[in-house]
Each structure stands twice: as structure tokens, then as C-alpha cells.
Amino acid sequence: MAGKVRKSGSTIVLVGTRKGLFVLRADGERGNWRVDGKVPHFLGQIVNHAVMNPRTGTMLVAARAGHLGPTVFRSVDGGKTWKEAATPPAFPKRGTAESAGYGWSVGHVFWLTAGHGSEPNTWYAGVSPHGLFRSDDDGVTWQSVDGFNLHPDRLKWLGNADEAVPDGALTHSLNVDPFDANHLMLGMSSGGVFESYDRGATWAPLNRGCVADFLPDPNAEWGHDPHCVRMHPAAKDVVYQQNHCGIYKLDRAAFGGKGGWDRIGKNMPKEIGDIGFPVVLHPYDPKTLWVFPMDGTSVWPRVSVAGKPAVYRSRDAGATWQRQAKGMPAAQAWFTVKRQAMCADQQKKVGLYFGTTCGEVWASFNEGAQWHCLMLHLPHIYSVEAYSL
Amino acid sequence: MKVQLPTPLVDYTNGVRYVAASGRTLDELLRDLDRQYPGIRFRMVDEQEKIRPHIRIFVNAVLERRLSAALDPAHEVLIVAALSGG
């Protein structure tokens with residue numbers, strides 16, 4: 001057991017969708033759920049990610065109203081009122097000495113992560129096209145992390161920006177090491193996993209052992225497609241990733257101590273495979289994780305395998321996997337779950353949540369043994385985050 | 001001069017669609033709007049000083065794409081968030 005188990009308080013679930021933000025709240029037993037208001041927050045706006053810093057209660061929303069470009073909204077009163085960031089994430093201007101002529105424009109803010117526990121006012125934002133931004137005033141103003149955005153090798157990492165993944169080139173999975181505020185890790189789709197030990201000033205790829213079967217050199221140093229990278233919140237150096245090419249666990253001792261990835265997805269049932277988008281870690285047990293496999297064969301349908309949705313759980317760091325589908329449709333259910341649309345809460349009896357591309361919110365309050373549909377008929381769900389208060 | 005805003009931008013103006021702003025150029029006009037309604041300019045012009053896709057600005061009913069375009073106090077400016085998508 002790693003980390004301090006939370007008391008059984010209330011739970012809040014933030015559901016970001018293509019048409020707004022839905023906020024679900026429940027009591028300690030999580031038996032009765034209610035939704036904020038009669039209409040969603042930010043009705044009509046694309047909400048890529050909605051998050052809360054449980055240490056401060058500040059909520060941030062990465063939103064984009066169709067024609068009006070991307071921005072970040074923040075609430076410091078539990079979602080009652082929202083205010084736009086005074087300076088949303090924006091790349092350096094073209095032609096300035098610092099920007100070396102990159103001159104990109106943020107298309108959408110895709111991922112938000114609260115900073116280290118010792119930095120309660122710090123947030124990180126990943127954007128599309130690839131970019132990283134930091135706020136040190138609790139989301140009011142955002143600054144370019146130039147060590148990443150202006151890195152001399154950045155264009156090599158990206159490959160051909162015109163051939164980005166379907167939703168655009170995404171900087172995602174922003175992880176802050178709970179044991180080191182200066183240690184950051186992120187995923188680029190595509191580009192690979194990168195980490196920094198100096199708060200973003202310098203970066204190095206971390207893709208050894210991870211296959212990239214779509215590249216001429218499948219063992220390339222970068223160019224991979226991590227879908228979701230999760231650093232354990234309480235156990236040092238425990239990192240898992242769901243990649244375009246399988247499920248992996250980081251092994252810092254591998255490759256002569258340089259560190260690399262071990263494909264734990266090879267232990268999944270062959271008929272299911274190990275392709276998907278999200279990976280969720282048990283908040284207290286570093287060996288327990290969940291994935292939501294999808295069909296990654298032929299043309300990559302990106303739907304539940306055979307139309308039979310299921311979560312797969314491992315309790316031994318990926319050595320064995322168990323199917324968990326009780327309560328879900330048994331057939332003809334062709335949804336999938338996006339990379340930040342599956343999560344765990346922090347209750348003693350850990351709750352799991354996922355949102356589907358067809359607008360359903362599902363939850364389990366016994367670690368995946370039984371699933372319940374909390375909401376139907378929402379818009380396409382992009383993100384689900386749960387917090388135990 | 002008189003500026004008509006599209007409905008997606010009236011969150012910045014407390015629901016008002018017709019506002020007054022001044023400037024010798026379109027860029028100055030949008031900066032004056034931003035001074036009065038903080039944040040509104042970035043919804044129309046990105047960080048590289050490009051008018052965002054689907055934003056159309058008409059000066060006396062003529063489409064204007066140049067932020068450097070000269071304005072006259074008698075001009076009327078219409079800002080449109082063009083319809084697209086589903």
C-alpha cells in the first residue's frame with residue numbers, strides 16, 4: 001500500500017464533452033448522484049479537459065468555442081462561477097529572438113495537470129499543436145515552457161506536423177513526479193515520451209523498449225505514439241503507459257540503467273490485444289491498473305473489441321489480466337473511451353469511472369467488479385476526472 | 001465607431017451586441033475593444049496576429065482581412081463568427 005487513504009467524503013466527477021462540462025456529485029457512499037444545473041457549464045463549447053487541484057479546490061477547464069479559439073476557464077468556488085484566464089496559453093510570436101521563427105498558434109488546450117504538492121499555485125497545460133505551458137498563479141496567466149516549445153530538436157520529434165493523429169498533434173499526459181517537483185514527464189502523440197529533471201528547461205526522450213511499428217525503425221529514439229502515460233501518485237518510479245503499440249511499464253533499471261519500457265500488454269488475451277487509449281492506476285496499490293481495450297486491428301476502428309466493451313485489470317503490474325465487464329452491454333456496443341476519459345477516485349473503496357464516445361458515464365464502486373451507468377445521452381465525452389473530497 | 005458583435009462574443013460585453021470603440025486602424029480598434037472587454041481580442045486574433053479562421057470582419061459591409069487597414073470614425077464594423085460545422 002502506497003500513499004495515504006482518503007476518508008469517505010463526497011466525490012465530484014468532472015465530465016468534459018464536445019458540448020460542455022457536466023459536474024456530477026455524490027455523497028460518501030456514492031449511491032446518490034446529482035448533476036449541477038439544468039444545462040451544462042459552457043454549453044456549446046468543446047471541453048477537452050476539466051480538472052481540479054484537490055489541494056486548493058481550484059478547477060480549470062480547457063475549452064474552445066468553435067470559432068473563437070482555445071482558452072482556459074477557472075473556478076475557485078467549486079464550479080459556481082467561472083472566469084477566463086487573463087492570459088491563456090499562447091506560443092511566442094513569430095520572429096522574436098526567443099522564438100527562433102516557430103510562430104505557432106494554439107489550436108486547442110488539450111490537457112491540464114496540477115503542479116507538485118509543494119507548488120499549490122502551479123499548473124501545466126499541454127496543447128495542440130505540440131506545446132507546453134505553465135501557470136504559477138493558479139491558472140490566471142500562462143507562460144510558454146520554452147525549454148520544450150523552443151527545443152532545438154522539437155521539429156525532429158514531431159515528424160511531419162501535417163500528418164498528426166486524427167485530433168491533431170497532442171501534448172498530453174503531463175505528469176509531475178510526486179517525489180520531485182522538478183521532474184516532469186509527458187507524452188506526445190506522436191513524438192513519444194519525454195521527461196525533464198529541471199522543471200522543463202531541458203528534455204530527453206524516454207522510449208527505449210517501446211515499439212513503434214509504424215516507423216521505418218521500430219526502435220527509434222523518438223516518434224512513438226503514447227496514448228496515455230500515468231506516473232503513480234504515491235510510489236516512486238512507477239509509471240505505466242497505454243501506447244499505440246501496446247501496454248508498457250517503465251523499468252528504470254533496464255537498458256543498463258538508462259531505463260526503458262517492458263511490454264506488459266503481451267500478457268493480455270490474444271483475442272483482445274493490448275491497444276487502447278486510457279490507463280488508470282490504483283491510487284494506493286502500485287501493482288494494480290486498468291485499461292479499456294479497443295479494436296486496433298486493420299483500419300483501426302477504435303471501438304470496443306467485437307462490440308463487447310470491457311475493462312481489463314491487472315493486480316500484479318501486468319503479469320496477468322482479468323476481464324471486468326459485469327453490468328456493461330454484452331454485445332452490440334461499439335463505443336470507445338478516450339485517453340483522459342477514464343479515472344479512479346481516491347476513496348478507500350476505490351471508485352472507477354469512464355465516459356464513452358457515445359455519451360455514457362459508467363462507474364464501479366468495487367474496483368471494477370460491477371459497473372453502473374450513471375448518465376446516458378451526453379455529448380461525445382472527452383474527459384472524466386474524479387476527486388474524493 | 002459602431003461595432004456589431006456576433007452572439008458568441010457577447011459573453012464579454014454583458015450581452016450587448018452593439019458597442020462603441022475607436023482606432024485609426026482595425027488593429028487599434030480591436031485593442032480598444034480588448035481594453036474595454038478584456039480577453040475579447042484573443043478570441044478573434046491569435047498570438048501570431050492572424051484573424052482566426054471563421055472570424056470575418058466587415059468595414060462598411062466590405063470584408064477586411066488586414067489588421068493594418070485604416071479606419072474612419074464614420075465607419076461601421078461588423079464582426080461575424082461564420083457558420084460552419086455541425
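This is a predicted model: local features need pLDDT of at least 70, side-chain atom pairs count only at pLDDT 80 or more; totals for chains, interfaces and linings use all residues.
Q: What is the order of the elements of chain B from the N terminus on?
A: The secondary structure of chain B consists of one helix and five strands. Read from the N terminus on, these elements follow the order β-β-α-β-β-β.

Q: How does the radius of gyration of chain B compare with what the globule rule gives for 86 residues, and what is its value?
A: Along its principal axes, the C-alpha trace of chain B spans about 35 × 25 × 25 Å. For 86 residues the globule rule gives 12 Å, and chain B comes close to this, so it is as compact as a globular protein of that length. The radius of gyration of chain B is 12 Å.

Q: Within what arc do the buried residues of α1(B) fall, seen down the axis?
A: In helix α1 of chain B, residues 26–36, the buried residues are B:Leu26, B:Leu29, B:Leu30 and B:Leu33. An α-helix has 3.6 residues a turn, so residues three or four places apart point the same way. The buried residues of α1(B) line one face of the helix, because they fall within an arc of 95°.

Q: Which strands of chain B are among what covers the buried residues of α1(B)?
A: The buried residues in question are B:Leu26, B:Leu29, B:Leu30 and B:Leu33. What covers them includes three strands of chain B: β1 (2–4), β3 (55–59) and β5 (76–81).

Q: Is A:Asn121 buried, exposed or partly exposed?
A: A:Asn121 lies in the loop between β8 (108–114) and β9 (123–128) of chain A. Leaving out residues up to four places away in sequence, A:Asn121 touches A:Asp136, A:Asp137 and A:Asp138. A residue with 20 or more other C-beta atoms within 10 Å is buried, and one with 12 or fewer is exposed. Because A:Asn121 has 15 within that distance, A:Asn121 is partly exposed.

Q: How many charged residues are on the side of chain A that touches chain B?
A: The contact takes 13 residues from chain A and 14 residues from chain B. On the side of chain A, five residues are nonpolar and five are polar. The number of charged residues there is three.

Definitions and conventions
Residues are numbered from 1 along each chain as its sequence is written. Chains are lettered from A and ligands numbered from 1 in the order in which they are written. Helices (H or I, at least four residues) and strands (E, at least two) are DSSP runs, numbered from the N terminus. Two residues are in contact if their C-beta atoms, placed from the backbone, lie within 7 Å. Ala, Val, Leu, Ile, Met, Phe, Trp, Tyr, Cys and Pro count as nonpolar, Asp, Glu, Lys and Arg as charged, and the others, Gly among them, as polar. The arc is that of the directions from the helix axis to the C-beta atoms. The radius of gyration is taken over C-alpha atoms; the globule rule is 2.2 Å times the number of residues to the power 0.38.
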